[in-house]
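Here is a set of questions to work through with the structure on screen. Try each one before reading on.

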Amino acid sequence: MRDLCRTFGVALLLGACAALLGCSQTPPPPSPKAELYRVGGATFDFAGAEVLQIWPVLPFQTPPNLARVALQMQPGRLMAGLPDAAGSVVQIDVLAPEGNPAADQPLFVNFADWPGREVRIAGTQYHYDPHSKLLPDGGRAVYVRRNVAEAGLEALEPAQPDETAPIFYLRRSGKIVDTSIDCRAHVPPSTGTGSYCSLHRQIGRDYGYRVLFRRDLLAHWAKIDAAARDYLARAAARGGS
């Protein structure tokens with residue numbers, strides 16, 4: 001009887017050890033499947049960002065083909081060295097390609113009397129497009145030009161002080177304006193958080209984007225733009241594009 005008990009005890013001990021070993025070898029639960037977003041010719045996995053809104057091209061389409069996805073993140077998460085402050089975010093709007101103006105047209109789009117592709121911006125005064133939502137009465141705001149050396153840009157600013165009017169910053173590559181930045185106090189996500197700037201880019205025929213950042217970061221616009229482009233390239237790679 002004593003031998004039988006000893007045998008039974010050993011069996012119980014071995015069974016317990018086997019159970020423990022089995023538990024230790026149980027694979028971890030699978031990570032949740034990434035949610036993918038398709039815009040234009042690319043599919044994205046936006047890891048590390050908060051997706052705020054999506055705009056479907058057609059409702060109830062499966063899988064959805066989107067005209068725009070808006071996402072936000074802390075500045076320091078997008079690019080090391082950018083200051084994170086309370087309420088401060090960088091927003092990236094990923095856009096269908098046809099929603100982006102051509103690289104050589106930002107002045108034509110924004111200023112009704114721009115004559116064409118000059119080596120430099122001609123003259124010193126420009127009239128803001130009367131179709132702008134900022135001028136519902138059809139008036140024409142006069143803008144003047146100045147250089148912003150620290151950012152490598154040319155600014156077009158209202159001739160008369162106007163906190164509600166946008167300021168445009170432009171960079172030229174030869175005779176073509178290849179960068180257009182629009183800064184104002186009421187560009188999302190700036191509600192109640194100060195003045196923000198928005199910069200548009202086109203990535204081939206696949207997609208475009210608009211990156212929004214605080215105006216006091218304007219001198220870093222090229223680094224922010226490059227970081228946004230890199231983030232979207234990695235998001236597209238994760239999405240299988």
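The questions below concern a predicted model.

Q: Which element of the protein chain has the highest mean pLDDT?
A: The mean pLDDT of the protein chain is 79, and 74% of its residues reach 70 or more. Among its elements, helix H1 (residues 2-24) has the lowest mean, 45. The highest mean, 96, belongs to helix H4.

Q: How many contacts beyond four places in sequence does the model have for residues 4-14?
A: pLDDT stays under 50 over this stretch. Where pLDDT is low, the predicted coordinates should not be read in detail.

Q: Is tyrosine 37 buried or exposed?
A: Tyrosine 37 is found in strand S1. Its relative accessibility is 12%. Buried means under 20%, so tyrosine 37 counts as buried.

Q: With which side chain does the side chain of tyrosine 37 make a polar contact?
A: Tyrosine 37 touches several residues beyond four places in sequence, including Phe44, Phe46 and Ile54. The polar contact, at 3.4 Å, is with the side chain of glutamate 35.

Q: Which element gives the most to the largest nonpolar core?
A: This core has 40 residues. Phe44, Phe46, Ile92 and Ile181 have the most contacts inside it. With eight residues, the element that gives the most is H4.

Conventions. Residues are numbered from 1 along each chain as its sequence is written. This is a predicted model: local features need pLDDT of at least 70, side-chain atom pairs count only at pLDDT 80 or more; totals for chains, interfaces and linings use all residues. Side-chain values use heavy atoms; hydrogens and water are left out. Helices (H or I, at least four residues) and strands (E, at least two) are DSSP runs, numbered from the N terminus. Buried means under 20% relative accessible area, exposed over 50%, partly exposed in between (1.4 Å probe, protein chains only). Contact means heavy atoms within 4.5 Å. A polar contact is a pair of N or O atoms within 3.5 Å; within protein, one must be able to donate a hydrogen and the other to accept it, and residues adjacent in sequence count only if both atoms are side-chain atoms. pLDDT is the predictor's confidence in each residue, from 0 to 100. A nonpolar core is a set of buried Ala, Val, Leu, Ile, Met, Phe, Trp, Tyr and Cys residues joined through side-chain atoms within 4.5 Å.
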